[in-house]
Amino acid sequence: MPDVLVPEHVTTWGPRRLPVPYAAHWSGERPYGQGVMIRPDSAGICYGDETPADRDTFGVLWARMRQAPGEGRPDFPSMHPMRQRQVQAERLCQVCGETASHTREGWLFLMNHDGSDIYEGAKTTKPPVCLRCAALATRHCPHLTDPVGVRSRRPKLWGVFGTIYTPTPTACLRPHHDHHLPYGDRALNWFLASQLVVELKRCTIVDLDTEFKAINP
């Protein structure tokens with residue numbers, strides 16, 4: 001692997017100067033506004049002080065989180081709902097926020113080897129990466145235990161990850177965390193999204209060492 005320096009516009013953390021992904025959540029970024037409640041027509045959930053910005057183009061309600069990157073400590077395993085949604089939808093690098101790597105074989109995604117070597121149709125909440133940040137991630141990210149480079153020619157917006165709520169007999173809401181739902185599912189009326197999910201289509205597994213040679217040829 002080439003000797004890759006952390007880009008100046010990427011925030012680093014701690015004595016080891018670990019690169020903090022653009023999409024990462026910081027401890028100083030907290031929820032704001034009113035919490036979720038049952039809609040007046042009892043057909044789903046809403047915010048009491050909801051604005052049009054609280055829903056995506058599919059009408060799904062999204063978790064609210066202050067935007068204050070750099071405030072507090074980085075929570076490396078977590079992603080900020082709005083920044084994750086932004087980079088996933090716009091195909092930006094999740095680490096630096098710039099355009100992700102794209103070749104004739106598609107956009108570059110980092111996956112953990114699942115033992116099957118078949119990634120066609122895989123659903124992921126992890127946005128794409130640029131080559132320089134992919135090299136950093138394979139070196140520093142503890143969750144990439146066996147990284148695989150997958151290029152997708154057609155990453156498709158599939159749905160959302162988050163919390164589905166069910167109403168109780170006393171008109172309260174019971175949350176059920178860590179669910180995935182595809183766009184178009186009727187249960188989305190009761191769903192609070194926190195991450196955007198894409199489906200990887202027309203995939204090619206690439207050799208990361210060969211890819212990284214393009215950084216410092």
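**View 1. Aromatic pairs of the predicted model.** The structure, a predicted model, holds two aromatic pairs. In one of the pairs, formed by Trp13 and Trp26, the ring centres lie 6.0 Å apart and the planes meet at 80°; an angle over 60 degrees counts as edge-to-face, so this pair is assigned to that class.

**View 2. Surroundings of His9.** His9 is located in the segment before β1. When its neighbours within four places in sequence are set aside, His9 is in contact with Cys96 and Glu98. A separation of 16 Å is found between the C-alpha atoms of His9 and Arg83, which are 74 residues apart along the chain.

**View 3. The open sheet β8-β9-β11-β15.** Four strands make up this open sheet, in the order β8-β9-β11-β15 and with antiparallel pairing. Its edges are formed by β8 (102-103) and β15 (203-206), each of which pairs on one side only. In general, the strands of a sheet pair through backbone hydrogen bonds, in either a parallel or an antiparallel manner. Strand β8 is joined to β9 (residues 106-112) by two bridges, and these two strands run antiparallel. Within this pairing, Thr103 has Gly106 of β9 as its bridge partner.

**View 4. Helix α2 against the sheet.** Helix α2 comprises residues 131-140 and lies across β9 and β11 (147-152). The direction of α2 is at about 5° to that of β9.

**View 5. The largest pocket.** The largest pocket contains about 630 Å³ of space. Elements contributing two or more residues to its lining are β2 (18-19), β7 (74-79), β9 and α2. The lining comprises 24 residues, and those nearest the centre of the pocket are Gln94, Lys126, Cys141, His143 and Leu144. By class, the lining of the largest pocket has 17 nonpolar residues, six polar residues and one charged residue.

**View 6. The second largest pocket.** A volume of about 390 Å³ is computed for the second largest pocket. Its lining consists of 21 residues, with Ala63, Arg64, Met65, Leu192 and Ser194 closest to the centre. Strands β7, β12 (156-167) and β14 (191-199) each supply at least two of the lining residues. The lining of the second largest pocket divides into 10 nonpolar residues, 10 polar residues and one charged residue. Strand β7 is also listed among the elements that give two or more residues to the lining of the largest pocket.

Technical notes: Residues are numbered from 1 along each chain as its sequence is written. This is a predicted model: local features need pLDDT of at least 70, side-chain atom pairs count only at pLDDT 80 or more; totals for chains, interfaces and linings use all residues. Side-chain values use heavy atoms; hydrogens and water are left out. Two strands pair if DSSP finds at least two bridges between them. Contact means heavy atoms within 4.5 Å. Axes are lines fitted to C-alpha atoms, for helices over the stretch in contact, and angles run from 0 to 180 degrees between N-to-C directions. On a 1 Å grid over the protein atoms alone, a cavity is a set of points where a 1.4 Å probe fits but cannot get out, and a pocket is an open set with protein on both sides within 12 Å along at least five of seven lines; lining residues have an atom within 4 Å of a point. Grid points are joined across faces, edges and corners, and a volume is the space filled by probe spheres set on the points. Ala, Val, Leu, Ile, Met, Phe, Trp, Tyr, Cys and Pro count as nonpolar, Asp, Glu, Lys and Arg as charged, and the others, Gly among them, as polar. Rings of Phe, Tyr and Trp (its six-membered ring) pair if their centres lie within 6.5 Å; planes under 30 degrees apart count as stacked, over 60 as edge-to-face and the rest as tilted.
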